[in-house]
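Thanks for making time this morning. I would like to take you through one model, with its pockets and one of its sheets.

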Amino acid sequence: MNCGEIRNRGIEIALHGVPVRTRDFTWNIDINWSRNWNKLVALEDGWDPRVPYQSAAGIVGNYANIYSYLGKEMFWLYGRGYQRAPEDATYVDANGNTVSCAGMKIINEKTGYPMIDESPERNLGKINPTWRGGLSMNFRYKDFTLGMNFTAQMGGHAYSVTHAILAYQGKLENSLSGRNDGLVVEGVNVVTNADGTVTYKPNTTVTESINSYYNQIFKRDNAEENIFKTDFLKFKELRLDYNLPARICRKTKAIQGLSVGFYATNLFCITKFPIYDPECGTMVGTNVYSGVEAGALPMTRTYGVNIKLSF
């Protein structure tokens, strides 16, 4: 679709400072932080605002969808998730106390399995991060320079096809619990009383089959179990350079400058995203869509040395 109106408003802050400066030592620091607010203002005439605009329809079947609604922020992940007790739900514990169970998973009392939505219409998180930031520091001591670059983001989400397939097949550690004697999944059972009212009680049912349990919760249909935050802190680059003093270069009568440097990239990434790189996307045709990871490769860590000569 090539018609519509999107509004983007943002803020970016950049700070530069020199906390320490002496004859032999200098410390430079640069910080940047940005945030963007987008909004789907309009689509084609007559568009029903109750109907979302869908990006990359069918990108992962019908397991997860990327929807944008008129008048709201764009690019949200929708799909099936766990059925949960409503806000006013309570149960009575063994001591006679009334305990809130709002938001707890609803468990099938017969099988011990969590109940999954029938329709893939649950809002499971936005794709775009709330903010992005970066930090660069540079230390110079005489003729040596040490530089470091960090990047970070917070607030986004992505659906991981890789996680869904590996967990479904029992190849990840999160499918180890209960393999010998089953599990009692934390949640509540729904009790329908004789008068038609509904009450709740804590689940005490051991899973009927641990294999069937994991096949159900980790299948690609259960988007909630396969959508993760893409928050991260990355150490993007470290480099150390040495510049040969100018007085020595002059003595050669040929070289005006010489520098030798060592560098390394992608040294580490702190994230709870389970599969490789949280900065993921999936290509459909010539377009790359954020918010879906499908067979992504891990970051490549590189090391190198460079030599610069000036004549």
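Predicted model: local features only at pLDDT ≥ 70, side-chain atom pairs only at ≥ 80, totals over all residues.

Residues are numbered from 1 along each chain as its sequence is written, and side-chain values use heavy atoms, with hydrogens and water left out.

A pocket here is an open set of points on a 1 Å grid over the protein atoms alone, where a 1.4 Å probe fits, with protein on both sides within 12 Å along at least five of seven lines, and lining residues have an atom within 4 Å of a point. The largest pocket has a volume of about 300 Å³, a volume being the space filled by probe spheres set on the points, which are joined across faces, edges and corners. Its lining has 17 residues, and Ile-127, Asn-128, Cys-280, Ser-290 and Gly-291 lie nearest the centre.

The second largest pocket, of about 190 Å³, has Asn-128, Trp-131 and Arg-132 among its lining residues. Strand 2 gives the largest share of that lining, 5 residues, strands being DSSP runs of E with at least two residues, numbered from the N terminus.

Turning to the sheet, 3 strands form an open one in the order 15-12-20, with mixed pairing, where two strands pair if DSSP finds at least two bridges between them. Strands 15 and 20 stand at the edges with a single partner strand each, so one side of each has no neighbour in the sheet. Strands 12 and 20 run parallel, joined by 2 bridges, and Tyr-159 has Val-292 in strand 20 as its bridge partner.

Definitions and conventions
Helix = DSSP H or I, 4+ residues; strand = E, 2+ residues; numbered from the N terminus.
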